[in-house]
Structures are given as structure tokens and as C-alpha cells.
Amino acid sequence: DSYNGNNEVMMKQSLPRPLALLQTCTWAELTNIAYSYAMRGRYQENTFSGSLAHEVVLEATHRLHHLSSLESTTATKTTATTKEGGKEVLHHHPIPRDVAQLAWSVGVMQADNYHLGDSFVSLIDAIGDFYIFGSGSRKTRPLRDLNCADLVQLSISLAHGRIDDVRLLRELYHEALYR
């Protein structure tokens, strides 16, 4: 590893998937990490902070996809357990505030650092799948658990990233009209 001008350790190119501890973080903890980087603005692509921010997005995306895939089998409103790598893993459903805050934070980071763009699109896809088609969904008004601030924050995150996810935008619009 070498240092850049800001006394941050530069990451080597052949980095294994770092920070397996992220898998044990709660949704609120993942959200707080992303929010901290978004507010501080110290995210850079080839640094440990850049790697950590990217891994937080990947972990959240993985969890949402996993919870969506459990829709008709073991998922409940609060938790689901599955076997991953020979061990039992507990998956909690995120509260809407954490999802909206995470999306906003990643949108802010992505607006300043385009390297996070593909991961941000994957996160938005996972959010849409989870709320509209997955285990967090309902046939009518799939976003009804989101409060007004969450709806606005999720919409703003799409604007930050210049993402036109029509299905998610449509549901955000319909929910806003309902209220």
C-alpha cells in the first residue's frame, strides 16, 4: 500500500472482497456508514474509504435481492433465515427510513464520484424489486409503509443519480397522489 497526499492508504488493485464484517451490520449501521461518507465527501475511488463505500452498497443490494427472492418461501415481515456458506444467516427486513436514507446517501456520493454509478443503479433496482415485486411488496400501494419524507428522499436519490426507473417512479408518484 502507498499513501496519497491526504495521508490515506491507497488500495492495491488485486483487493479481495474487504470488510466481511459488513455482513453483520444492521441496516441502520450500513445506512450510517453511507450517510457519513455522503455528508463528509471524503469518498475517493482507490482508497480504503472508496472501497468501504462501494462494499456497503454491494452488501445492501445483496440483502435486498436476497429478501426479494425469499418472497414466497421463508420471508416474514421481520426476519428470515437461510443457509449461506454452511452457516445460518438472519436477514432482517429494512425499515423504510433506512432504505430511503441509504439511497439518498449513495445518490449524493455517486453524483460526486461517477465510479459508484453502476452499483447505485443496482441498488435502485434492488429497492424497486424489494418494494414492488419482492417480499416487501403489496399488490396495491407497495410504498405505503414509506412516510412522506422517505418518498421525497427516495425521489431525490433518483434525481441525484439521473436514474429513470419508471416502475419505481410510477409507484412513488401514485403513493404521493394517494396522500
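Start by selecting E59 and R63 and showing their side chains: the two meet in a salt bridge, with 2.9 Å from N to O. This is a predicted model, so treat that distance as a computed one.

Next, select residues 148–160 and 166–178, which are helices α5 and α6. How do their axes cross? They come within 11 Å and cross at roughly 150°. That is over the 145 degrees cut-off, so α5 and α6 count as roughly antiparallel to each other. The crossing is left-handed.

Stay there and show the side chains in the contact. On α5, pick L151, L154, S155 and L158; on α6, pick L168, L169, L172, E175 and A176. Colour them by type and the contact of α5 with α6 divides into 7 nonpolar residues, 1 polar and 1 charged.

Last stop: colour the chain by pLDDT. The mean for the chain is 78, with 72% of its residues at 70 or more. Which element has the highest mean? Among the elements, α5 does, at 93, while strand β1 (residues 2–3) has the lowest, at 42. Now select residues 1–16: pLDDT stays under 50 there, and the model has 27 contacts beyond four places in sequence for this stretch. Finish on residues 74–83, where pLDDT also stays under 50 and the model has 32 such contacts beyond four places in sequence.

Conventions. Residues numbered from 1 in each chain as written. Predicted model: local features only at pLDDT ≥ 70, side-chain atom pairs only at ≥ 80, totals over all residues. Heavy atoms only, no water. Axes fitted to C-alpha atoms, helices over the stretch in contact; angles between N-to-C directions. Helix = DSSP H or I, 4+ residues; strand = E, 2+ residues; numbered from the N terminus. Parallel < 35°, antiparallel > 145°, perpendicular 65-115°, else oblique. Left-handed = near helix turned anticlockwise from the far one by under 90°. Contact = heavy atoms within 4.5 Å. Nonpolar A, V, L, I, M, F, W, Y, C, P; charged D, E, K, R; others polar. pLDDT = per-residue confidence, 0-100. Salt bridge = Lys/Arg side-chain N within 4 Å of Asp/Glu carboxyl O.
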